[in-house]
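Here is my note on the model you sent.

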Amino acid sequence: MNIQDQIIKATQQAVKDLYAVDLSEDQITLQETRKEFKGHFTLVTFPIIRFAKKSPEQTGQEIGGYLKSKIASIVDFNIIKGFLNIELSSDYWFDRLKDEISNPDYGFFPQNGKKLILEYSSPNTNKPLHLGHIRNNLLGYSVAEILKAYGYEVIKANLVNDRGIHICKSMLSWKLFGNGETPESSGLKGDHLVGKYYVRFDKEYKKEIEGLIKSGNTEEEAKKNAPLIKEAQSMLQKWEAHDTEVVELWRMMNAWVYAGFAETYKQLGVDFDKYYYESDTYLLGKDIIQEGLDSGVFFKKEDNSVWIDLTDDGLDEKLVLRGDGTSVYITQDLGTAQLKYDNFKTDESIYVVGNEQDYHFKVLFLILKKLGKPWANGLFHLSYGMVDLPSGKMKSREGTVVDADDLIEEMISTAKARTEELGKVSDFSPEEKEKLYYNIGLGALKYFLLKVEPKKRLLFDPNESIDFQGHTGPFIQYTYARINSVLNKGSYNADALIDKPAVLKESELDLIQLLDRFPEKIEASAKEFSPAQLANYIYDLSKLYNKFYHEESILKAEDERVKNFRLKLSKVTARTIAKGMKLLGIDVPERM
């Protein structure tokens with residue numbers, strides 16, 4: 001039983017013995033003591049005062065005295081109004097470090113027997129990944145890793161949007177203007193090559209629209225009647241009819257894109273256990289529509305289209321199947337949700353998708369609940385905000401959105417420039433330098449995006465993110481490298497037994513207490529599907545270690561016992577930083 005549970009149980013007994021009242025655990029509030037007060041845990045005594053029928057101070061004295069007499073680790077307490085601040089002994093904290101926190105697996109939870117599927121990335125195969133995809137990928141990957149650490153079995157899924165009119169636009173454009181260009185002949189990554197022709201389609205389409213408007217068409221008529229869009233629509237119909245030539249072209253261009261995506265995913269350090277493709281799933285859902293019609297959840301209109309009325313739930317009427325029997329997005333999503341459950345029988349299913357789709361997921365989940373799907377209660381939309389760049393900081397290849405590969409390249413070159421300014425890599429080999437710049441650049445990008453709560457829109461400044469002194473990934477990486485250097489210089493021996501120094505300094509106690517909270521932060525991040533709590537905790541831990549490093553001598557400590565203890569404390573801190581950063585998808589360099 002941990003100390004918090006001991007204090008809660010003892011408080012229940014205290015109230016029973018002192019005031020003849022049975023308190024439930026949820027009536028007791030125990031929290032971490034605020035920094036400005038002395039103590040480690042604070043018991044809120046306001047709910048107990050009405051049973052004690054005494055002043056807050058007197059009630060606090062009685063409860064505090066009782067707890068101190070029953071729990072050996074409590075050495076002192078103080079009362080501030082209705083708050084009882086409890087102080088634990090340095091022996092307690094030393095034993096926590098030695099017996100629990102030093103364990104290499106500390107912070108990670110045992111398997112909980114629950115299975116979860118987490119869908120992220122979901123790119124379109126008509127263009128490269130962009131800045132928005134970067135936040136999606138990093139968030140999805142990190143949440144999956146944190147949930148694994150919390151005890152879940154996690155399946156990482158990627159639903160690829162590989163069909164539709166937008167795909168046909170790039171296919172048609174390549175066919176008309178490509179002259180047989182390939183990734184090999186052009187030297188372009190496959191996703192960039194296909195993206196180039198998607199942009200070319202848009203350019204040529206706009207020219208046709210302008211020409212039609214000049215010859216007397218309205219803008220709406222011009223958009224509808226432009227030869228290019230009609231040809232792209234015809235190509236989609238041919239694809240759906242399995243036209244051999246169109247399907248061959250589609251397969252070839254998609255293969256180029258997948259090869260390009262694979263490179264970007266590798267650079268980002270993300271992976272997937274299962275791929276779903278819209279070309280396989282777009283017809284799914286029609287059985288569910290029939291099921292809903294049979295049960296009266298859906299209804300038909302005169303044009304044969306199928307709808308659901310969600311007005312009683314504060315939403316609108318929603319189309320779920322067109323009158324001609326063709327699917328809409330929600331048809332496919334209903335089918336894919338069922339397919340994912342049938343494949344894996346998961347307890348929960350998380351969709352990592354931008355907040356512009358909030359309404360869509362609200363409707364999707366509600367429909368599945370109305371259809372009586374028992375697994376629908378386990379669905380969750382992990383909604384996240386847009387990422388902006390300071391204007392003029394970066395240009396994309398197509399001049400519209402910021403390309404993921406360009407941004408990664410920019411981060412690595414900025415990391416190189418900043419590191420070389422510091423002049424600490426003169427003894428690194430070219431290969432070591434290359435790896436270091438990559439780790440710092442990607443660490444900066446990932447940390448900056450993950451330290452902010454997913455729901456918030458954020459402004460990403462590449463320069464600010466690579467600040468070795470700021471609230472950044474490189475600051476944490478630098479702290480880890482610093483600790484590693486201390487351990488090497490101090491000839492740290494992992495097997496050496498450590499003894500408790502005569503006195504534990506305040507910065508040492510603070511560090512142990514913060515290390516003790518690692519599992520709590522993993523749990524909070526897992527429950528909220530947000531890496532931000534963990535990311536900010538690792539920063540606080542790095543900052544506190546630097547304070548300890550500057551205040552206390554480690555290698556020149558007053559005696560060997562103190563030196564060994566401080567080396568042990570350093571080692572455990574480094575390990576916790578590395579484990580926490582790994583859950584964010586960030587590598588920490590051994591030296592910088």
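1. A term first. A polar contact here is a pair of N or O atoms within 3.5 Å; within protein, one atom must be able to donate a hydrogen and the other to accept it. Keep in mind that this is a predicted model.

2. Start with Ser-383. This residue lies in strand β12, which covers residues 379-384. The side chains of Ser-383 and Asp-358 are joined by a polar contact of 2.8 Å.

3. Is Ser-383 buried or exposed? Ser-383 has a relative accessible area of 8%. The cut-off for buried is under 20%, so Ser-383 counts as buried.

4. Which residues does Ser-383 touch, leaving aside its neighbours within four places in sequence? Asp-358 is one of them. Val-353, Gly-354 and Asn-355 are also in contact with Ser-383, as are Pro-454 and Lys-455.

5. Now the helices. Take α22 (residues 532-551) and α23, the latter spanning residues 560-583. Their axes come within 10 Å and cross at roughly 155 degrees. Angles over 145 degrees count as roughly antiparallel, so α22 is roughly antiparallel to α23. The crossing of α22 past α23 is left-handed.

6. Which residues make that contact? From α22 come Leu-534, Tyr-537, Ile-538, Leu-541, Ser-542, Tyr-545 and Phe-548. The α23 side includes Arg-566, Leu-569, Ser-570, Thr-573, Thr-576 and Ile-577. Gly-580, Met-581 and Leu-583 of α23 take part too. By class, the contact of α22 with α23 has 10 nonpolar, 5 polar and 1 charged residues.

7. Helix α23 also meets α20, which spans residues 506-516. The axes of α20 and α23 come within 11 Å. They cross at roughly 35 degrees. Here too the crossing is left-handed, with α20 passing α23.

8. On the α20 side, the contact residues are Glu-508, Leu-511, Ile-512 and Leu-515. They meet Phe-565, Arg-566, Leu-569, Val-572, Thr-573 and Thr-576 of α23. The classes are 6 nonpolar, 2 polar and 2 charged residues. Note Arg-566: this α23 residue is listed in the contact with α20 and in the contact with α22.

9. Last, the whole protein. How many helices and strands does the protein have? There are 23 helices and 14 strands. The C-alpha atoms fill a box of roughly 90 × 65 × 40 Å along the principal axes. Of the 592 residues, 53% are buried. Among contacts between residues at least 6 apart in sequence, 73% join residues at least 24 apart.

Notes. Residues are numbered from 1 along each chain as its sequence is written. This is a predicted model: local features need pLDDT of at least 70, side-chain atom pairs count only at pLDDT 80 or more; totals for chains, interfaces and linings use all residues. Side-chain values use heavy atoms; hydrogens and water are left out. Axes are lines fitted to C-alpha atoms, for helices over the stretch in contact, and angles run from 0 to 180 degrees between N-to-C directions. Helices (H or I, at least four residues) and strands (E, at least two) are DSSP runs, numbered from the N terminus. A crossing is left-handed if the near helix is turned anticlockwise from the far one by less than a right angle, and right-handed if clockwise. Contact means heavy atoms within 4.5 Å. Ala, Val, Leu, Ile, Met, Phe, Trp, Tyr, Cys and Pro count as nonpolar, Asp, Glu, Lys and Arg as charged, and the others, Gly among them, as polar. Buried means under 20% relative accessible area, exposed over 50%, partly exposed in between (1.4 Å probe, protein chains only). Angles under 35 degrees count as roughly parallel, over 145 as roughly antiparallel, 65 to 115 as roughly perpendicular and the rest as oblique.
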